[in-house]
Amino acid sequence: MKSVLLYANDDSGLESRLQAALDMVRLFEGHLTCLQVTPFDGFIMSDPFGGIYALPTVLEQVRKAEDEHRGRIEGRLRSEGVSWDWLHQDGSPAQMVTDRSRLCDLIVLSLAGERGGAQGDPLSLAADVAVHARAPVLAVPQSSRSINASGTALVAWNGSPESCHALRLARPMLASAATVHIATVVDDRTEFPATDGCQYLARHGITAELHEWPKGDRSTSAALLDAAGTLRADYLVMGAYGHARLREAILGGTTRDMLVDSRLPLLLAH
């Protein structure tokens, strides 16, 4: 994971994202790309005759605030001792992050921490990028100030294509972990047994402990969070949106619940 992409807009989750990104860059001796996005759709006005325009005074204020923010973060990065660069683009944050991730190994975004889903908010951004990007998404809680990628990793397994994909993309992190657990929630339908995931990791020199976790009358996400707490996991690897995202938005689902309820970093892949 030599190439790390950080969504660097100024919001309540930036500090946790920045620290997690720096942790990953140092662990893999990689390069950090900070992406700042101006969501022009938030500043465009329309008139009754169908015309659209942006108020010059508003854009001037936005650009000034962005320049000040960039100056602050670049000042910090110069003292961090890591390789980095800064990019700025105009457009949809989710689309810009997805586009810039084509040659990245890891995308660092924020968990929501509360129910949400509007365009540009942490839940919507992490969900959109996880579905469309080919690189894994590391979504971190806004209260976090680091990620211990060399600690204990928990892999959520149900044998789906998404969980298999997440396991493969997480392999560099899992190779650095002191302990790796693979947990299958009992009563979840499993297309491939967890032993297949364990064997795959073993071929790459990674030893994993298998667990069957009781579900009971709770949701799969609640069972996974219980497993993470009991096993003292530092982060959780899981496939994202095994069901259609629209279905999960309406009916609920494990990915949406984890994006909202998790208090530990999630490594997501669709």
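This note goes through the fold, the sheet, the helices and the cysteines of a predicted model.

1. **Overall make-up.** The chain holds 10 helices and 12 strands. It has 270 residues, and 50% of them count as buried. The accessible surface comes to about 12,700 Å². Carbon and sulfur atoms account for 50% of that surface.

2. **Contacts along the sequence.** Take the contacts between residues at least 6 apart in sequence. Of these, 77% join residues at least 24 apart.

3. **The sheet.** Ten strands form an open sheet with mixed pairing. The order reads S5-S2-S1-S6-S7-S12-S11-S8-S9-S10. Strands S5 (83-90) and S10 (209-213) stand at the edges. Each has a single partner strand, so one side of each lacks a neighbour in the sheet. On average, neighbouring strands are turned by 25 degrees against each other, direction ignored.

4. **The S1-S6 pair.** Strand S1 covers residues 3-7, and strand S6 covers residues 106-110. Their pairing is parallel and runs over three bridges. Within it, Leu5 has Ile107 of S6 as its bridge partner.

5. **Helices on the sheet.** Helix H3 (residues 93-100) lies across S1, S2 (31-38), S5 and S6. Its direction is at about 150 degrees to S2. Helix H10 (residues 254-261) also packs on the sheet. H10 touches strands S11 (235-239) and S12 (266-269). The angle between H10 and S11 is about 155 degrees.

6. **The buried side of H7.** Helix H7 spans residues 194-203. Which of its residues are buried? They are Ala194, Gly197, Cys198, Tyr200 and Leu201. These residues cover an arc of only 160 degrees around the axis, so they lie on the same side of H7. Their cover includes helix H5 (161-169), helix H6 (171-176), strand S9 (179-185) and S10. S10 is also one of the edge strands of the sheet.

7. **After H7.** Gly205 follows the helix. Its phi is positive, near 75 degrees.

8. **Cysteines.** How many disulfides does a search of the whole structure find? The search finds zero. A disulfide would be a covalent bond between the sulfur atoms of two cysteines. Cys104 has a relative accessibility of 13%, so it counts as buried, the cut-off being under 20%. Cys198 is buried too, because its relative accessible area is 18%. Cys198 is also one of the buried residues of H7.

Note on methods:
Residues are numbered from 1 along each chain as its sequence is written. This is a predicted model: local features need pLDDT of at least 70, side-chain atom pairs count only at pLDDT 80 or more; totals for chains, interfaces and linings use all residues. Side-chain values use heavy atoms; hydrogens and water are left out. Two strands pair if DSSP finds at least two bridges between them. Helices (H or I, at least four residues) and strands (E, at least two) are DSSP runs, numbered from the N terminus. Axes are lines fitted to C-alpha atoms, for helices over the stretch in contact, and angles run from 0 to 180 degrees between N-to-C directions. Contact means heavy atoms within 4.5 Å. Buried means under 20% relative accessible area, exposed over 50%, partly exposed in between (1.4 Å probe, protein chains only). The arc is that of the directions from the helix axis to the C-beta atoms. A disulfide is a pair of cysteine sulfur atoms within 2.5 Å. Accessible areas come from the Shrake-Rupley method with a 1.4 Å probe; for residues, only the protein chains shown count as cover.
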